[in-house]
Amino acid sequence: MESYEYETLYEHETSYWWFRGLHSIIVDTMKGLGLTADSRILDAGCGTGRNLQMLKDNVTPEGFGFDIAAAASPFWPRRNLDRVCLASVNEVPFKSAYFDAVVSVDLLECDAVHESSAFGELCRVLKPGGLMVLVVPAYDWLMSEEHHKAVGASRRYSVRKLKALASRQPTRIIKTTHVFASMLPLVAVYRLLLPFFRKPSADRPVSEIKPMNPIIDEILFRTVKFEGKVMQKMSLPFGSSIMMILEKVQ
């Protein structure tokens, strides 16, 4: 991700509907998996730390994180995060079988990530019986050249591709579901029409994260939050992201 985008992330993660909705879904998912205040959680690729902060405040204080970008680290103290470090998911700096759960949000698709190595490392640091929650972007046709260049991403996923990665590690898939099903039509129209109405930035790539009318933002957030409640009971067959929950087996 471009270094200047971390400031954008920090400014919008607590207010923008997409982040608020996803973080709410992740917290509810972790609670539903039976994690307790004693559980040790790792947020792999934690960025500016909002997701990790939410997990520590709502699931367990035993939250750890890392990110490869030095530009992300100045924001960690602002979120009162002290168990975080600079590192690559290709070489996770924690001992094997250390965590009860690992969370990875929009990390596997990044340019600097070697998918197989990263998946293996996330599995390695999990205890036997530990849980892995992965969130990745779905559908190659939703790729937006400037946005993905700004956030340093070059891949999107299908359920089949994600399952193929999981099959190479000692894991059992507990659940696979799409996320943001309710938003997919809007996202699809926006992404497909964007090239016709927005010219690429002349000097540097810029992400699509921008301030929104607060009323519209709240409506979108509440829609996603309701969708999250539905997800606790069933898997969604489509959506702009995919969530996979896995258990590490012996």
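Start where helix α2 meets helix α8: W17, R20, G21, S24, I25 and D28 on the α2 side touch D217, E218, L220, F221, V224, K225, G228, K229 and M231 on the α8 side, contact being heavy atoms within 4.5 Å. By class, that contact has six nonpolar, three polar and six charged residues, where Asp, Glu, Lys and Arg are charged, Ala, Val, Leu, Ile, Met, Phe, Trp, Tyr, Cys and Pro are nonpolar, and the others, Gly among them, are polar.

All this comes from a predicted model, with local features needing pLDDT of at least 70, side-chain atom pairs 80 or more, and totals for chains, interfaces and linings using all residues. Numbering runs from 1 along each chain as its sequence is written, and side-chain values use heavy atoms, leaving out hydrogens and water.

Now for the geometry. The axes of α2 (residues 17-32) and α8 (residues 214-231) come within 8 Å and cross at roughly 20°. That makes the two helices roughly parallel (angles under 35 degrees).

Stay on α2 and look at M30. M30 counts as buried because its relative accessibility is 0%, the cut-off being under 20% with a 1.4 Å probe and protein chains only. Beyond neighbours within four places in sequence, M30 is in contact with L35, I41, L55, V59, A101, V103 and V133. I245 lies 215 residues from M30 in sequence, yet their C-alpha atoms are 9.9 Å apart.

Zooming out, 54% of the protein's 250 residues count as buried. Among contacts between residues at least 6 apart in sequence, 77% join residues at least 24 apart.

Terms used
Axes fitted to C-alpha atoms, helices over the stretch in contact; angles between N-to-C directions. Helix = DSSP H or I, 4+ residues; strand = E, 2+ residues; numbered from the N terminus. Parallel < 35°, antiparallel > 145°, perpendicular 65-115°, else oblique. Buried < 20%, exposed > 50% of the residue type's maximum accessible area, 1.4 Å probe, protein only.
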